[in-house]
Amino acid sequence: SALSIVDAVVKLAHALNLTVVAEGVESEEQRLALMTTGCDQLQGYYFSKPVPADQLFSIYQNLDEKFNRTGEFSIGDY
């Protein structure tokens, strides 16, 4: 299956001391499957649509303030 191939690639990359970034994650199902492989980082529309660089720090600051205030974090908060 495709997940078996991804798992093998992640293991090979880790054996070579590489960090593995999965791109194009679009669903919770994909996120969970990739987490089982030991993938180091994930990115894709599931987490965020592209953000203009000039807005990135403002978004981060708002998320950080909410986390410090409530102890909760959700990517959907921005």
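Lysine 66 is found in helix α3, a helix that spans residues 53-70. Helices (H or I, at least four residues) and strands (E, at least two) are DSSP runs, numbered from the N terminus. The model is a predicted one, in which local features need pLDDT of at least 70 and side-chain atom pairs count only at pLDDT 80 or more, while totals for chains, interfaces and linings use all residues. Residues are numbered from 1 along each chain as its sequence is written, and side-chain values use heavy atoms, with hydrogens and water left out.

At 25% relative accessibility, lysine 66 counts as partly exposed. Here buried means under 20% relative accessible area, exposed means over 50%, and partly exposed lies in between (1.4 Å probe, protein chains only). Lysine 66 and leucine 3 are 63 residues apart in sequence, and their C-alpha atoms are 36 Å apart in space.

Helix α3 also holds phenylalanine 67, which is partly exposed with a relative accessibility of 40%. Leaving out residues up to four places away in sequence, phenylalanine 67 touches Glu72 and Phe73; contact means heavy atoms within 4.5 Å. Tyrosine 60 lies in helix α3 as well, and its relative accessible area of 55% makes tyrosine 60 exposed. From tyrosine 60 to glycine 44 the separation is 16 residues in sequence and 17 Å in space, C-alpha to C-alpha.

Valine 51 is placed in the loop between β2 and α3. This valine 51 is partly exposed, at 29% relative accessible area. Between valine 51 and threonine 19 there are 24 Å in space, C-alpha to C-alpha, for a sequence separation of 32 residues.

## Salt bridges within helices

A search of the whole structure finds two salt bridges. The term denotes a side-chain nitrogen of Lys or Arg within 4 Å of a carboxyl oxygen of Asp or Glu.

| Salt bridge | N to O distance |
|---|---|
| Aspartate 7 and lysine 11 | 3.1 Å |
| Arginine 31 and glutamate 28 | 2.9 Å |

Aspartate 7 and lysine 11 both belong to helix α1 (residues 2-15), where they are four residues apart, about one turn of the helix. Lysine 11 is exposed, with a relative accessible area of 53%. Arginine 31 and glutamate 28 both lie in helix α2 (residues 28-36) and are three residues apart, about one turn of the helix. Arginine 31 is partly exposed at 23% relative accessible area, and glutamate 28 is partly exposed at 31%.

Leu12, Leu16 and Leu18 make a nonpolar surface patch of about 310 Å². Patches are made of residues with over 30% relative accessible area and no salt bridge; like charges are joined within 9 Å, and nonpolar side chains (Val, Leu, Ile, Met, Phe, Trp, Tyr) within 5 Å. Accessible areas come from the Shrake-Rupley method with a 1.4 Å probe, and for residues only the protein chains shown count as cover. Leucine 12 has its place in helix α1 and counts as exposed at 54% relative accessibility.

Asparagine 17 is found in the loop between α1 and β1 (21-22). Its phi is near 60°, a positive value in a residue other than glycine. Asparagine 17 is exposed, with a relative accessible area of 71%.

In soluble globular proteins, nonpolar side chains tend to be buried together. The largest nonpolar core in this model has seven residues: Val10, Ala13, Val20, Ala22, Val25, Leu34 and Cys39. A nonpolar core is a set of buried Ala, Val, Leu, Ile, Met, Phe, Trp, Tyr and Cys residues joined through side-chain atoms within 4.5 Å. Not counting residues up to four places away in sequence, leucine 34 touches Val6, Ala22, Val25, Cys39 and Leu42.

The backbone oxygen of leucine 34 also lies 2.6 Å from a polar atom of the side chain of threonine 37. A polar contact is a pair of N or O atoms within 3.5 Å; within protein, one must be able to donate a hydrogen and the other to accept it, and residues adjacent in sequence count only if both atoms are side-chain atoms. Threonine 37 is situated in the loop between α2 and β2 (41-42). With a relative accessible area of 7%, threonine 37 is buried. Apart from neighbours within four places in sequence, threonine 37 is in contact with Leu3, Val6, Asp7 and Val10.
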